Amino acid sequence: MNKESFVIEGLAGRKSLKGTVKIAGAKNAALKAMAAAVLFDAPVQLNNIPDTEDVHVMSEILEKLGAQVVWKQNALTIDPTSITSTIIDPKLASVMRASVVLTGPLLARFSKASFPAPGGCVIGARPIDQFIKGYEEMGATISEADCNYTIEMPDIRYQRTEIRIHFDKKTVGGTETLMMAAVLGNGTVTLTNCAMEPEIVNVAEWLNECGANIQGVGTETITIIGTRGKLLSPKQPYVAIPDRIEAGSYLILGALCAENLTIEDCRPDHLALLIDMLTNSGVPIEISNHEASGASIKSADQSGQIINGSLTIKGNTKPNSAFKSFDVITKEYPGFPTDLQAQIVTYLTQVAGKSVVTENIFEGRFKYVSDLQRMGAKLELKDSKEVQIVGPTELLKEHMDSHQHENGDVGPHLNAHDIRAGFAIVMAALVGKGTFTVNNTYLIDRGYEKLEERLTALGANVKRTKTDVQSI
Ligand code: EPZ
């Protein structure tokens with residue numbers, strides 16, 4: 001994990017960014033499709049895969065299981081036929097929570113999986129009680145020794161043929177993992193109170209094209225009719241849907257810093273709520289939906305339309321202080337995504353008026369607030385779930401002092417606290433006045449492909465440097 005920083009020249013409120021940014025494939029879909037490769041009887045082709053750290057970590061985990069993984073220009077070929085191990089590498093898994101999703105396909109295929117208590121972003125506790133509950137409902141036995149879990153499923157002949165699992169709370173990873181654990185099973189597994197994120201639909205549609213029988217994905221009830229041990233066949237390549245969180249991040253950045261910005265190859269239908277909020281706030285946004293081209297696996301939206309489109313911010317000449325404030329409550333999809341919470345709070349520090357943002361999905365997802373406060377933003381944390389904002393405020397380098405950070409850091413630099421808060425702090429620096437240093441860029445690299453290159457192409461002055469020692 002290298003220690004690198006971004007050095008960013010603030011635009012001091014000027015809306016000088018311009019051009020087109022092409023959205024990459026969705027990290028949170030691609031990682032699950034990679035895990036699903038374990039379910040296949042031959043090498044699988046995965047396309048439109050983002051070149052981000054998490055994808056390369058998942059590739060390494062698969063290789064340590066024995067799979068052959070080849071990366072080539074945003075595409076992966078994964079050959080699962082050489083997998084011999086069911087032990088997920090604890091060191092690699094500790095940096096990426098999504099690795100726990102691998103337990104589903106490993107159990108389906110090998111009836112066994114071992115993994116450490118999941119890692120990933122430091123956004124609150126990341127429990128797996130819903131995974132454990134689901135596995136126990138499926139008849140698995142679970143043993144735990146110094147934070148390493150080993151799960152064993154009964155042989156397929158002794159698996160119950162009718163299983164119902166109810167999630168006490170919606171969990172994206174839990175839904176995907178248990179869905180995949182059931183794909184090769186002996187009978188029917190019904191999951192209720194499921195997460196409905198588009199990334200889950202994207203992976204399930206591909207698995208169905210390849211021999212799985214998953215019904216109801218994208219709704220709260222998913223029924224999986226197992227193939228009775230028959231592995232899937234790679235009849236179609238997997239194609240990741242555009243990353244809605246990346247698209248939403250750039251849309252918010254564009255509202256603050258660009259007169260004209262086109263966000264290409266995205267799915268406006270996956271960002272309906274954010275688009276409405278920003279439009280009502282006064283941001284001039286044009287939506288264009290056009291037919292997806294090529295033989296890609298497409299996921300239909302609610303109206304059954306198959307779309308891939310672009311968002312354009314055009315003639316955005318009003319100052320940010322002319323935009324209106326609004327309240328935000330994060331919810332599971334199709335509610336406002338928690339992964340855009342830090343970005344929208346940063347936006348709300350720049351618009352006129354009071355707003356309240358409530359974070360319902362993760363506790364501990366406001367660590368970036370102290371960085372914004374040091375830049376001069378008027379934010380008040382009411383508790384671990386709510387922040388109150390009064391805008392507009394200038395974000396100034398001169399406001400920052402050599403401040404003792406929570407993690408013991410000293411120095412007037414900013415920190416990326418998780419993938420998405422990292423983008424939000426970069427955005428705050430771009431809106432601000434002065435030259436800012438943002439540390440922990442490896443976190444940003446986990447979820448945003450080539451961020452400094454893409455921002456530079458839009459006209460920003462962002463340089464990647466080695467973090468100097470005193471500000472580590
Ligand atoms: C996925 O994480 C995403 N990551 C997250 O994106 C995203 O924030 C999250 O879904 C919510 O949308 C990937 O897909 C790789 P959850 P996941 O299980 O699956 C609690 C990013 O930046 N919970 O839906 O880990 C949990 O603690 C990342 O791209 C339990 O209590 O999220 C949380 O409070 C950050 N018990 C809530 O549910 C469980 O067994 C939602 O978690 C599982 C989860």
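**Exercise 1.** In this predicted model, Lys-466 forms a salt bridge with Glu-4. Find how far apart the closest N and O atoms are, and state which strands the two residues lie in.

*Solution.*
Step 1. The closest N and O atoms of Lys-466 and Glu-4 are 3.2 Å apart. A salt bridge requires a side-chain nitrogen of Lys or Arg within 4 Å of a carboxyl oxygen of Asp or Glu, and the pair of Lys-466 and Glu-4 is one.
Step 2. Lys-466 belongs to strand β23, residues 462-466, while Glu-4 belongs to strand β1, residues 4-9, so the bridge ties together parts that lie 462 residues apart in sequence.

**Exercise 2.** Decide for Lys-466 and for Glu-4 whether the residue is buried or exposed.

*Solution.*
Step 1. The cut-offs are under 20% relative accessible area for buried and over 50% for exposed.
Step 2. Lys-466 has a relative accessibility of 61%, so Lys-466 is exposed.
Step 3. Glu-4 has a relative accessible area of 12%, so Glu-4 is buried.

**Exercise 3.** Describe the salt bridges that Arg-464 makes with Asp-445 and with Glu-452, and place each residue in its helix or strand.

*Solution.*
Step 1. Between Asp-445 and Arg-464 the N to O distance is 2.8 Å. Asp-445 sits in helix α13 (residues 441-445) and Arg-464 in strand β23, so this bridge ties together parts 19 residues apart in sequence.
Step 2. Between Arg-464 and Glu-452 the N to O distance is 2.7 Å. Here strand β23, holding Arg-464, is linked to helix α14 (residues 451-457), holding Glu-452, and the two residues are 12 apart.
Step 3. For accessibility, Asp-445 is buried at 14% and Glu-452 is buried at 15%. Arg-464, at 28%, is partly exposed.
Step 4. Through shared partners, salt bridges join Glu-4, Asp-445, Glu-452, Arg-464 and Lys-466 into one network. In the whole structure, 19 salt bridges are found.

**Exercise 4.** Locate Thr-171 in the chain, classify its accessibility, and list the residues it touches beyond four places away in sequence.

*Solution.*
Step 1. Thr-171 is in the loop that runs between β9 (162-166) and α6 (172-182).
Step 2. Its relative accessibility is 12%; buried means under 20%, so Thr-171 counts as buried.
Step 3. The Thr-171 side chain reaches the backbone nitrogen of Gly-174 at 2.8 Å.
Step 4. Leaving out residues up to four places away in sequence, Thr-171 touches Gln-130, Phe-131 and Ala-195.

Notes: Residues numbered from 1 in each chain as written. Predicted model: local features only at pLDDT ≥ 70, side-chain atom pairs only at ≥ 80, totals over all residues. Heavy atoms only, no water. Helix = DSSP H or I, 4+ residues; strand = E, 2+ residues; numbered from the N terminus. Buried < 20%, exposed > 50% of the residue type's maximum accessible area, 1.4 Å probe, protein only. Polar contact = N/O pair within 3.5 Å; in protein donor to acceptor, adjacent residues only side chain to side chain. Contact = heavy atoms within 4.5 Å.
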